[in-house]
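Student: I would like to go through this structure by question and answer, with the cut-offs stated as we go.

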Amino acid sequence: MKNIPRNYQEYQDIYKFSIEQPELFWQEIADDFKWQKKWDKVLDWNFNDPSVKWFTGAKLNITENCLDRHLADKGNQAAIIWEPNNPKEIHRTLTYKELYQKVCQFCHVLKNNGVNKGDRVCIYMPMVPELVIAILACARIGAVHSVIFGGFSSQSIADRIQDAGATHIITADGGYRGAKEIPLKFVIDDALVQCDTIKKVIVLNRTSTPVSMIKDRDVWWEEEVQKIEALGNPDFLAEQMDAEDLLFILYTSGSTGKPKGVVHTCGGYMVYTAYTFKNVMQYNFGEKFFCTADIGWITGHSYIIYGPLANGAISMMYEGVPNFPDAGRMWDIIDKYKIDILYTAPTAIRSLMAAGDKFLVGKDLSSLKKLGSVGEPINEEAWNWYNEKIGKGKCPIVDTWWQTETGGMMMSPIAGVTPAKPGYAMFPLPGIQPILVDEKGSEITGNSVSGNLCIKFPWPGMLRTTYGDHERCRLTYFSTYHNLYFTGDGCLRDADGYYRITGRVDDVLNVSGHRIGTAEVENAINRHTGVVESAIVGYPHEIKGQGIYAYVICHTPPIDSELMRQDILQTVSRIIGAVAKPDKVQFVSGLPKTRSGKIMRRILRKIAEGDITNLGDTSTLLDPTIVEEILKNHL
Ligand code: PRX
C-alpha cells in the first residue's frame, strides 16, 4: 500500500502531500484495492448540505477485498482466531478460505430468507465467529447491516429496528459474557412485540438455552446452513455495489434523547479503515492483531473486521470480558496465541492495573511489539503501566482518537514512526486536516492553545448522513461552524504542536469507553412514575473514566430511598440497557435553573466532581438556595 511512512520525516512529507493534493493522495491508496470498476472522480463535496462522495462511479464489493483477493496467497492463513469466553472451551481458527466459504454459504441463507440488496438487517449476536460471517454476508449481498451491542435493552433494539425499517434480524439463543449468560433471543422477542417490519429472525445456537421459535418468522441458523450444504456449498457471486451505496448503519448517542443512525458507505470506508489500520499499526504480514473491542461498537467494525481483513491480517477475536475468570485472562490470551499487537481501551487497562500485578506473574508477553489505546482519554498513570508492565518499555503505544462518525482513526501516533507522549493523540494522520476554533467559529492558530476540534476537509471514512434524517446530520455536525465538521470534542495543542483531546464539550458522556447521551438517560429516568425531573452529569471515575451522576426530583421524597434508587436503575436498564445505569443517584427537591428554565449543568457537574469550592456565579439562578441543599447532601 502506498503512502505508509516509515520514519518521522516520511510522515511529514506524506502529510504535506496529503494536504496539498488530497485527491491524488487517496487515489494512490485506493489503487491498491480490487474494484469492479474504477471511479470517475475521486471526490465531490460540500459541507453545507452536507454532501460528500468519494470514488464516484466506482463499483466494488468490500468482501471481495476482505476475502476473495486473499485466497490465492493467504487462503490457508488464519483470518480470524477466536477465543471463547470459557477458557476450557476449544478455540476456533477460520482461515481466509474457510471464512470465504462460510460467508458464501450464509449469503445463500440470507437470500433464501428473502434478504435483498438495500434491505436493513439488524444483528444482535454474541462475540462469536458467526457474527463476523453474518456481517460479511450482508455486505456481500448488498444488505445494510446494523449491529446492536449486546448490552442494549429490548426497548433500545425496538427503537433501532423501527428507525432503520429493518426487515430481518440475526441473533442467537444466548451469549456468554464472563460469568453471565445473556438471553439474546428472549430480548429480541420482547423487542419485536413493537416492530412490524421484521419478516424473519435467524437464530444461532450458542448456549442451547430454550427459546420460543415463532412459526413462519424464526428459523435456526444451523438448519438453514444445512440446506446450503446439501446443495454442495456453492460460491456466491458478490453483489456489485456503488462506492457510495450504504454499507452499514451504527447507532450512537448524541446530545438529544434519540440515538442517531450513523451511515457509512462501501468505497470510502473500505479505503479508510484499511489504510489507517496498516499505517497506524505499521502492520506486517503474519502479525497477530488483537482488538479487544466488542463488534457492537465502531472499533470492532473497523478494526476487528474490515480494516484487518482488507489487509489480509490475522485478527484475534475474544468472546468474553477481560476479567473472566480472572484479571489475568488477557495476558493468558496474549501468551497462548503469541499476539503481536494489542489494541484495547483505557478502562480495561485501568481495571486490570487495579487488580494488581500478580495477574501478570508467569505470563509471557514477549511476543507483543505494538500497543494501542482507543475510545476515551488515557490518564498518565494507566499509560505508564501499559508501557512498562505490558509493553516492557519496548512497544510503541498509539493513542488513537476517532469516533463512530469518522469511521476510522483520525489522530494518533504512528507506531514506532512518529513520537508519542502519554495522553496525547499527537498528530493528525495523513489526509486529516484538524482545526481548533473558538466559540464563534474563528480559527485558533499557534501553539499552547485549546478550542473546539473541527475537521476542515473530508476524508473517505467520514459519515455520509444519519439514517432517514439528513437534516439531523447537518444540524449536529455541520451547522455549528460554517464549512467545518464539528467533532463535539475539546482539544489542546501544546507548545510543541502536539494534540491532546480534552473530552466532550457537548452533553455526551464516555463511560468505560461507551458513549452515552445525558438526555437519553434523563428521558429514561423521567419515565418512572415517581419522578418529576432529572439531570445527568458525568464525574471522574477511577476505572470507568467517567461515571454517571443522577440528580432526581420525585413527586414526594422517597420513603425508602435505596428502594427508589434500585427502581430507577431498573428503569434505565429496561429502557436503554445496563450500560447506562447511573453510578450515583441523589434525590433533590429542585434543580439549579436560570430564570428561563435552563438547568445550570456547570454547577451540577462541579458538585458531582466534588469540586465545591468555587461554583461560580449563582446569582442568576431562580432559586439559589437549592444549590445549598444539593451541596449538603451530595454523594
Ligand atoms: O470524546 C472522544 C472519545 O470518544 C468519542 C467517540 O466515541 P465513539 O463514537 O463511541 O467512538 C469510540 C471509538 C473510536 C470521541 O468524541 N475518544 C475516542 N478516542 C479517544 C477519545 N478521547 C480521548 N482519546 C482518545 N484516544
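Student: Which strand gives the most to the lining of the largest cavity?
Tutor: The model is predicted, so local features need pLDDT of at least 70 and side-chain atom pairs count only at pLDDT 80 or more, while totals for chains, interfaces and linings use all residues. Residues are numbered from 1 along each chain as its sequence is written, and side-chain values use heavy atoms, with hydrogens and water left out. Helices (H or I, at least four residues) and strands (E, at least two) are DSSP runs, numbered from the N terminus. With three residues, the largest contribution to the lining of the largest cavity is that of residues 175–177, strand β9.

Student: What is the volume of the largest cavity?
Tutor: On a 1 Å grid over the protein atoms alone, a cavity is a set of points where a 1.4 Å probe fits but cannot get out, and lining residues have an atom within 4 Å of a point. The largest cavity has 13 lining residues, with M125, P126, M127, G150 and R177 nearest its centre. Grid points are joined across faces, edges and corners, and a volume is the space filled by probe spheres set on the points. For the largest cavity that volume is about 120 Å³.

Student: How many residues of the lining of the largest cavity are nonpolar?
Tutor: Ala, Val, Leu, Ile, Met, Phe, Trp, Tyr, Cys and Pro count as nonpolar, Asp, Glu, Lys and Arg as charged, and the others, Gly among them, as polar. The lining has three charged and three polar residues, and its nonpolar residues number seven.

Student: Which helix supplies the largest share of the lining of the second largest pocket?
Tutor: A pocket is an open set of grid points with protein on both sides within 12 Å along at least five of seven lines. The second largest pocket holds about 290 Å³ of space, and among its 15 lining residues D159, G257, K258, P259 and E520 are the closest to its centre. At least two lining residues come from each of α7 (154–164) and α16 (518–526). The largest share, five residues, belongs to α7.

Student: At what angle do helices α1 and α2 pack?
Tutor: Axes are lines fitted to C-alpha atoms, for helices over the stretch in contact, and angles run from 0 to 180 degrees between N-to-C directions. The axes of α1 (residues 8–20) and α2 (residues 22–30) lie 5 Å apart, and the angle is about 115°. Contact means heavy atoms within 4.5 Å; I14, F17, S18, I19 and E20 of α1 meet P22, L24, F25 and E28 of α2.

Student: Which residue of β29 is the bridge partner of V531?
Tutor: β28 and β29 (residues 545–554) are antiparallel and share 10 bridges. The partner of V531 in β29 is C554.

Student: Is I568 buried or exposed?
Tutor: I568 lies in helix α17 (residues 561–575). Not counting residues up to four places away in sequence, I568 touches I525, H528, V531, V552, V585 and F587. Buried means under 20% relative accessible area, exposed over 50%, and partly exposed in between (1.4 Å probe, protein chains only). At 0% relative accessibility, I568 is buried.

Student: What is the relative accessibility of H264?
Tutor: H264 sits in strand β15 (residues 260–265). Beyond its neighbours within four places in sequence, its contacts include L246, F248, Y269, I298, E405 and M462. H264 counts as buried because its relative accessibility is 1%.

Student: Which residue with a positive phi follows α14?
Tutor: In α14 (residues 380–390) the buried residues are A382, W383, W385, Y386, N387 and I390. Among the elements that cover them are α12 (329–337), α13 (346–355) and β20 (397–400). After α14, with phi near 50°, comes K392.

Methods:
Pairing = 2+ DSSP bridges.
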